[in-house]
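I'm opening my notebook on a new structure today. My plan is to look things up one by one and jot down what I find.

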Amino acid sequence: SGTGTSELFDDYEEGTWTPIINRTNGGLVTSYIVQTGFYTKVGRLVTIYGRVENGVITTPSANANIIQGLPFTPSTDAVGIVGEDSNLTTGCVACVAANGSGSLTLLNANGLGINENWLNNNGIAFNITYTT
């Protein structure tokens, strides 16, 4: 029970969002087995969780390295954690939300964008906190 306006907890929100896999030279994935996202927003601070597992892919040679559909656009750069399905081979370990981008870029252990040929039933889970 704060006494000043800066001490009041007046901006809290929870909800769902839909993560979308974007593949370079292959476009958006349109078939999913799992496509789940949750978020919590407190003031300007947003924490998101997402999990995606694609279904059958008609162009399997296209690289998947962007997650679109964030519930809020980041106002600063941020780095989050990625857990990956055993079907992926490039060692995706982080995701980056760039200022104003509205999407996450998936990175490998060297901090470089992954070039993963996603086949049928590949998936990842990720978590990141950023400001909006």
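This is a predicted model: local features need pLDDT of at least 70, side-chain atom pairs count only at pLDDT 80 or more; totals for chains, interfaces and linings use all residues.

**Confidence.** I began with pLDDT, which is the predictor's confidence in each residue, from 0 to 100. Residues are numbered from 1 along each chain as its sequence is written, and side-chain values use heavy atoms, with hydrogens and water left out.

Where is confidence lowest, and where is it highest? I found the lowest in strand 3 (residues 27-28), at a mean of 68, and the highest in strand 1 (residues 12-16), at 96.

**Strands.** I took strands as DSSP runs (E, at least two residues), numbered from the N terminus. Two strands pair if DSSP finds at least two bridges between them. Strand 1 pairs with strand 4 in the antiparallel sense, over five bridges. I looked up Y12 and saw that its bridge partner in strand 4 is V42. Strand 4 also runs antiparallel to strand 5, and ten bridges join these two. Here Q35 stands opposite V52 in strand 5. The hairpin of strand 4 and strand 5 has two residues between the strands, and G43 takes a positive phi near 60° there.

**Core.** Next I went for the nonpolar core, meaning a set of buried Ala, Val, Leu, Ile, Met, Phe, Trp, Tyr and Cys residues joined through side-chain atoms within 4.5 Å. Buried is under 20% relative accessible area, exposed is over 50%, and partly exposed is in between (1.4 Å probe, protein chains only). How many residues does the largest nonpolar core have? I noted 21, and those with the most contacts inside it are I48, I67, L104, F126, I128 and Y130. Among the strands that each supply at least two residues of this core are strand 7 (78-84), strand 8 (92-97) and strand 9 (103-108). Strand 10 gives the most, with four residues.

I then checked contacts (heavy atoms within 4.5 Å). Not counting residues up to four places away in sequence, F126 touches a list including W17, I48, I67, C95 and L104.

**E53.** Leaving out residues up to four places away in sequence, E53 touches Y32, I33, V34, N121, N122 and G123.

**Rings.** Rings of Phe, Tyr and Trp (its six-membered ring) pair if their centres lie within 6.5 Å; planes under 30 degrees apart count as stacked, over 60 as edge-to-face and the rest as tilted. I counted three aromatic pairs by this rule. F38 and Y49 are stacked, at 6.5 Å centre to centre and 20° between the planes. F38 is in strand 4 and Y49 in strand 5, so this pair ties together parts eleven residues apart in sequence. F38 is partly exposed at 44% relative accessibility, and Y49 is partly exposed at 31%.

Y39 and F72 make an edge-to-face pair, because their planes are at 85° with the centres 5.2 Å apart. Y39 lies in strand 4 and F72 in the loop between strand 6 (63-68) and strand 7, so parts 33 residues apart in sequence are tied together. Y39 is buried at 10% relative accessibility, and F72 is buried at 18%.
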